[in-house]
Amino acid sequence: MSWFTKAFSTTIGRKLVMSLTGIFLILFLIEHLIGNLLLLNGDGGLAFNEFAHFMKYNRLIQIGEVVLFGGFLFHIIDGIILIRKNRKSRPVQYAVSNKSEVTSWASKLMGPFGIIILVFLIVHMYDFFRFKYFSPVADMPGTDISDLASLVYIKFQSVGYVAFYVIAMAVVGFHLYHGFQSAFQTLGVNHVKYSPIIKGLGVLYSIVVPLGMALIPIIIYINHITQQI
Amino acid sequence: MLNLLNEAINRTGIKADKTIKNLNMNLTLKIWRQKNQNDKGGFESYQVSDVSPDMSFLEMIDVLNEDLVKEDKDPVHFDHDCREGICGTCSMVINGRPHGPKEGITTCQLHMRSFSDGDHITIEPWRAKAFPVIKDLVVDRTSFDRIQQAGGYVSVNTGGAPDANEIPIPKRIADEAFDAATCIGCGACVAACKNASAMLFVSAKVSQLAMLPQGQVERKTRVEKMVAQMDEEGFGACTNTGACAAECPKGIDLSNIARLNREYIGAKLKSENVS
Ligand code: HEM
């Protein structure tokens, strides 16, 4: 191993990877939310489809997408390595579990939350991302851009699927409720002036972004029902 | 004894508004017993009666052990030394918390008045791969020593003692370094952490030297070697839950872990060590 890979292979090194990729994914989710909000534009999905079209063919975004894949991959691989290492560090469990109140329950469940997000991610890729490259959908009538929005509108006509999506977003919220500020502590940022700001931003982010993400399918579903009546 | 006393008061004819109450407790202890490293081990229950609220937790176990010895049974083995909260040996998890229910103390500083009559108390050893159980509640913590030996030292010239205050150190820095140096290496951080991580311990040991001028010579190699040794011993990673600092008898702060992370990043970026 070179000095470089070694630096990222210790427990601290792997946490640095979690932190850096985690912050990158946090930024990505903002972009994803803004894109998704276009689904509610009330134009039959035109704005969303145009945005998706731009995202597919823009060179810079294409490079960004490769980086994004790398980010997810490293976060997931190192996450699983850490989960396993941490489990091995305590072969015999306590009979009575630790009840100290200061630790947030979200912080103790980072691994399980991550695994749930991973399951969601796989379903999500199969249900939506697949159509971007591998199973092209029909163009929007009168245009030459793929009608991905209709795909989404149809998917979210199922209340079960909406529920699955909303629960997954709640889990993302919990993951980031602890993860956001934890990522900065991992990077060594701990300061009387800035840590409270980071903690506040983390709480705000972990509520607003997943809530925004979850409201979109809910609104689509409500629109669908009210149109049927 | 108290009955006699109360009877005597009655006989005097003085109207006592209160009888003297027996505050002593009867407790049920569930203690981890394990013959040696290879034994599987298991819990055993014991009754201890007439425990004074003024006893320390360790004295309470002493009483139990006296009974066990009288019955020709093997006493419960546990680590203890100073019994004043500075040696860091009295490792036991009491009802799921390292050093018991109170904050900022070791087991020897825990008094039985923190419990009530009839309580069931579960006592377990530290649980970590890097702290194997030697016998009952005694664990092997030499992994901490090996981390210290890997880099937790400074180069000092031999010869006469230097004058005090020869090297000026700002008060705030000195205080912070001293706070980190109060770590007694008890291992409660590891015991409390869901990952059995030693990050709080290592961060205190790295911090106390990294902040002072005397610690600069080995600054980069120190953190690299201590972290490498920490991994080798099989401690887990830090998820920043904060359980360690909550259970630390010396109140070592989480900001030390952030400093350890900074020291690590700095060393990996700047040190000339490429092996
Ligand atoms: C949108 C997706 C995700 C985002 C934004 C995200 C973000 C984060 C952040 C910011 C952290 C904190 C890093 C630190 O403490 O330094 C973290 C930790 C973690 N993530 Fe994720 N994550 C995502 C998905 C996943 C997935 C799919 C997994 C699957 C394995 C996962 C597993 C973990 C684990 C295990 C940790 C805790 C590591 C530890 O502290 O021991 N995450 N994540």
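A few ground rules come first. This is a predicted model in which local features need pLDDT of at least 70, side-chain atom pairs count only at pLDDT 80 or more, and totals for chains, interfaces and linings use all residues. Residues are numbered from 1 along each chain as its sequence is written, chains are lettered from A and ligands numbered from 1 in the order in which they are written, and side-chain values use heavy atoms, with hydrogens and water left out.

**Chain A**

Chain A is helical: it has nine helices and zero strands. Helices here are DSSP runs of H or I with at least four residues, strands are runs of E with at least two, and both are numbered from the N terminus. Read from the N terminus, the order of elements is α-α-α-α-α-α-α-α-α. Along the principal axes, the C-alpha atoms of chain A fill a box of roughly 60 × 45 × 40 Å.

Over all chains, the structure holds 18 salt bridges, each being a side-chain nitrogen of Lys or Arg within 4 Å of a carboxyl oxygen of Asp or Glu. One of them joins the side chains of Asp78(A) and Arg14(A), at 2.7 Å from N to O. Asp78(A) sits in helix α4 of chain A and Arg14(A) in helix α2 of chain A, so this pair ties together parts that are 64 residues apart in sequence.

**Chain B**

Chain B splits into domain 1 (2–133) and domain 2 (141–274), with bounds that come from an automatic or database domain assignment. The C-alpha centres of the two domains lie 34 Å apart. Their contact (heavy atoms within 4.5 Å) takes 21 residues from domain 1 of chain B and 20 residues from domain 2 of chain B. The two domains bury about 1,400 Å² between them, and carbon and sulfur atoms give 58% of that. Buried area means the accessible area (1.4 Å probe) that two parts lose on being put together, summed over both. On the domain 1 side, Pro98(B), Ala130(B) and Phe131(B) lose the most area, together 35% of what that side buries.

There are two salt bridges between the domains. Also in chain B, the side chains of Glu247(B) and Arg97(B) meet in a salt bridge at 2.9 Å, N to O.

Two backbone spots are worth a look. Most residues other than glycine have a negative phi. Asp50(B), in strand β2 (residues 42–51) of chain B, has a positive phi near 60 degrees. Asp136(B) also has a positive phi, near 45 degrees, and lies in the loop between β6 (133–135) and β7 (138–139) of chain B.

Which chain A helix gives the most to the side that touches chain B? On that side, α1 (3–7), α2 (11–37), α4 (59–88), α5 (105–108) and α8 (159–186) of chain A each supply at least two residues. The answer is α2(A), with five residues.

Here are the totals for the two interfaces. Polar contacts are pairs of N or O atoms within 3.5 Å; within protein, one must be able to donate a hydrogen and the other to accept it, and residues adjacent in sequence count only if both atoms are side-chain atoms.

| Interface | Buried area | Salt bridges | Residue pairs in polar contact (both at pLDDT 80 or more) |
|---|---|---|---|
| Chain A and chain B | about 3,400 Å² | zero salt bridges | 24 residue pairs |
| Domain 1 and domain 2 of chain B | about 1,400 Å² | two salt bridges | six residue pairs |

Between the chains, 37 residues of chain A are in contact with 49 residues of chain B. In chain A, Ile12(A), Arg90(A) and Tyr94(A) lose the most area to chain B, together 18% of what that side buries.
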